[in-house]
Amino acid sequence: MAPTPMMQQYQEAKAACGDALLLFRMGDFYELFHDDAKIAARVLGLTLTSREKGENAIPMAGFPHHQLDSYLGKLIKQGLRVAVCDQVEDPRQAKGLVKREITRVVTAGTLTDDSLLDPRESNFLASVVVASSGRSRGGGSSETPTLGGDEAGIAWVELSTGRFFAGRFPAGLLADHLARIQPSECIVPEGADPVPEHLRESIVVTSRPAWCYSAETATESLCKHFGTASLTGFGFDDDDTVAVRAAGAVLEYLQETQKASLDHMDRLVRYRVGQSLEIDEATRRSLEITRTIRDGRREGTLLAILDRAVTPMGSRMLADWATNPLTDAAAINQRLDAVDELQRDPALCRDMTDSLRGIYDMERLLARVTTGRASPRDLSFIARTLRGLPHVKAKITGRKGERLRQLESQLDLCPELRSRLESALVEDCPLSSRDGGFIRTGYSERLDELRELTSGGREWIARYQADQVKSAGIPNLKVGYNKVFGYYIEVTNAHRDKVPDHFIRKQTLKNAERYVTPELKEYEEKVLSAEEKSQQLEYDLFVELRGVVHACARRLKTTAAVLAELDVLVSLAMLARERNYCRPQPVADPILSIVDGRHPVLDVLEPEGTFVPNDTAANHDEGMILIITGPNMAGKSTYIRQVALITLMAQMGSFVPAREATIGVADRIFARVGASDELARGQSTFMVEMVETARILNNATPRSLVILDEIGRGTSTYDGLSLAWSIVEHLHDKVGCRTLFATHYHELTDLEVSLGGLKNLNVAVQEWEDTVVFLHKIVAGAADKSYGIHVARLAGVPQEVNERAKQVLALLEEEHLDREGRPKIANRGKRKSGDLQLTLFGFEEHPILDKIRETKVDELTPLAALQFIQEWQKELRR
Ligand code: ADP
């Protein structure tokens, strides 16, 4: 049987939306059919019904149209793509089948609806392509991207604000940068998907045809979009082709899925590697900067502690600062100056916070204006924001710090726009631009006239009702209105016999009849047309106003960025003051000197005053490598993480939880901490640990900061210890960077004998009655090695077991120490220059050695000596 015209319309829409689920508007419902219906029924818990009967039955599921947002959110969360097909003409006016069109395709990375986004977080769509550096320059539509090349192009855009970035990265750093950007969706060339498996849990990956990534198409479409002849103005040159290809594919994808204007994406920012502190993916995770390791939540992270911003724009910028700290001491100091100045004036901070609370999310509002999706309410929010600006500006006028002065001068009050919006819009504007009621009286003479006519018409109706009640003698006669019949006169059945002849019956209800009269119809037309006209005029005025705001978009964008930054700076200043932070001193020399440092998160979460502060000193005289030993739960991990977090905070321009801090600006932070989370991801713990360690050893520079926790734990003791030993030696000899190494391998403390730049620290503990008290205090020297046995005794392990353990320990130490009581490893493992054969534990005795020792050389003939050598060789070859 041929499909009905409507199902034919459905099939056409379905064919146009690719693999997206199609939500098909039918009356007051959105319906899904066929497999889409089955998926939606499962994901959304809808009842699966069917359209048509018997053989022609089509699975169907649907929901009321006003629930679109919540259902869309659920579908997107499941990683699905959804196309929304709406009725694009008024069903009352449609001749035949109502016209329907796909009005938008929604995916995780292209969400813009406020209700579906966390206002504090950016929602990025990314695009990646990998190419060998030679090939990436070629371009041409026949070019097929290949995996395993050595360069990755990444572009990322936030559709809700229009921020658009692209950069070129070593392919090996792809995962690190995707982890930094945290996109919710990533597009990739078909058949050449480089997104690492473990990132797919949080990123929806969408394949795009290879041609979308061709260099020529990309350059052409980007230039056309920006209205430029080339991309050099944005800082891209011939070497950046791979970045441009990624960016072009993003633009192409958005043009295809978004039916709205993309005007708000008005520039492409080139991201340069090295411009911010590099933090690889594992480090980001270990340090719990924006997400916790255990459950991936924001609570309990560094960001959650830092974020006191009161606007969503501020929160997003703060997250950006925390994930991209600076490497330029001058720029860091500029931010610190601003925070310093603000934190000295708490009254100003409170005042600024109050003013900023009245500021709306200008970035997202502007994006809606420039893409034509803004509502009258959005425009009124822009007006309210502008109203608050003079106060903010006055507060930051006359400040000393350079950054605050720059921000003050960039804060554009846009007074003409403000007065235009204020004179045009009422205080509480509606969401819909179609039903009128948002333009102020006095703004348009014509509108005022039409409104008068409308309300005048309504008065006439009231009078008419009174007249009819009187003339017909029906006391409860009523004039009413509905959308289908327009105005009518309603008479209850009790008075039906009094209805005059000129009433024309229109509708019969249970208890009443409805009538019209020619007079009523005539007036109805007058009123309705005035109302319709006034609504249309309001809509036109709204479109005009939206255009006026659009024309100011660039200025407003700058203002939005200034407000966001002020919010961040005030937030950091309030935190600094409240938590008693100090201003760090960034220096070029890669050293660390922290007095009374605290872990920023535990400092807040632990009961007031219970966190024990600790010092840190890594420098050329005392050593750059700190080995921290101590029992479990003593606070080793906390200590090394706190050093990394204080460094990171300092470089983002924040005060730090310490009494004093001098921070040598780091180029990279590496953290290899714990391994429990990898187990859950199904990878060999030890392999992961070594991959990450290899990355540190290969990439750390003298300016880096490395923190390592329990390296080598995933293998046998000697194996692990040997690796830990040689890793420390390598960092000491070859890299020379600041390293904090927390370990339970007590043997590592012996390295102090052979390595000059290494210092032993341990965490103090105290025995008190029958328990051990963790003092959490870092002190100089190695931990007491019989500590475990000690704890075992306190815990009630039988006396004889403890005695035996002590004996075994003594035996092990005998093996381990030389006659002078010095560690054998350190002596025998001591390296001479050029000595590559390190022996950690000495080599095994070989029977040949005894033979050599026993040979009486002076009794041997030369020939016998040669025979001996031949024999030894034979034996060794066996
Ligand atoms: P380790 O790495 O030595 O096993 P952790 O660093 O994981 O120990 O610390 C264990 C617990 O001790 C932490 O969860 C925290 O509650 C507490 N702790 C650590 N350092 C401190 C400190 N400086 N002050 C107060 N409590 C601390």
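Predicted model: local features only at pLDDT ≥ 70, side-chain atom pairs only at ≥ 80, totals over all residues.

Student: Which residues line the largest cavity?

Tutor: Ser380, Ala383, Arg384, Arg387, Leu421, Glu422, Leu425, Val426, Glu427 and Arg440. Two elements, α14 (376-396) and α16 (415-424), each give two or more residues to that lining.

Student: Which element gives the largest share of the lining?

Tutor: That's α14, with 4 residues.

Student: OK, on to salt bridges. How many does a search of the whole structure find?

Tutor: The search finds 52 salt bridges. One of the pairs is made by Glu427 and Arg384, at 3.8 Å from N to O. Glu427 sits in the loop between α16 and α17 and Arg384 in helix α14, so this pair ties together parts that are 43 residues apart in sequence. Both names also turn up in the cavity lining.

Student: Which residues are in a network with them?

Tutor: The salt-bridge network links Arg384, Arg387, Arg418, Glu422, Glu427 and Asp428. Among these, Arg387 and Glu422 are lining residues of the largest cavity as well.

Student: What does Arg555 pair with?

Tutor: Arg555 forms a salt bridge with Asp412, with the closest N and O atoms 2.8 Å apart. This pair links distant parts of the chain: Arg555 is in helix α19 (residues 553-578), while Asp412 is in the loop between α15 (402-410) and α16, 143 residues away. Arg555 is partly exposed at 33% relative accessible area, and Asp412 is partly exposed at 23%.

Student: And Arg672, which residue does it bridge to?

Tutor: To Glu692, with the closest N and O atoms 2.2 Å apart. Arg672 is in strand β23 (residues 668-672) and Glu692 in helix α23 (residues 685-699), so the bridge ties together parts 20 residues apart in sequence. Here the two partners are buried: Arg672 has 2% relative accessibility, and Glu692 has 12%.

Student: Switching to Asp448: where is it, and what is the nearest side chain of opposite charge?

Tutor: Asp448 is in helix α17 (residues 445-472). The nearest side chain of opposite charge is Arg451, 4.4 Å away. A salt bridge needs the nitrogen and oxygen within 4 Å. Asp448 is buried yet has no salt bridge.

Student: What is Asp448 in contact with, leaving aside neighbours within four places in sequence?

Tutor: Thr441 and Gly442.

Student: Last topic, the backbone. Which residues other than glycine have a positive phi?

Tutor: Two to look at are His34, with phi near 50°, and His776, with phi near 60°. His34 lies in helix α2 (residues 34-44), whereas His776 lies in strand β27 (residues 771-780).

Student: How accessible are they?

Tutor: His34 counts as partly exposed at 35% relative accessibility, and His776 counts as partly exposed at 34%.

Methods
Residues numbered from 1 in each chain as written. Heavy atoms only, no water. 1 Å grid on protein atoms, 1.4 Å probe; cavity = no way out; pocket = protein on both sides within 12 Å on 5 of 7 lines; lining within 4 Å. Buried < 20%, exposed > 50% of the residue type's maximum accessible area, 1.4 Å probe, protein only. Lys, Arg positive; Asp, Glu negative; His and termini not counted. Contact = heavy atoms within 4.5 Å.
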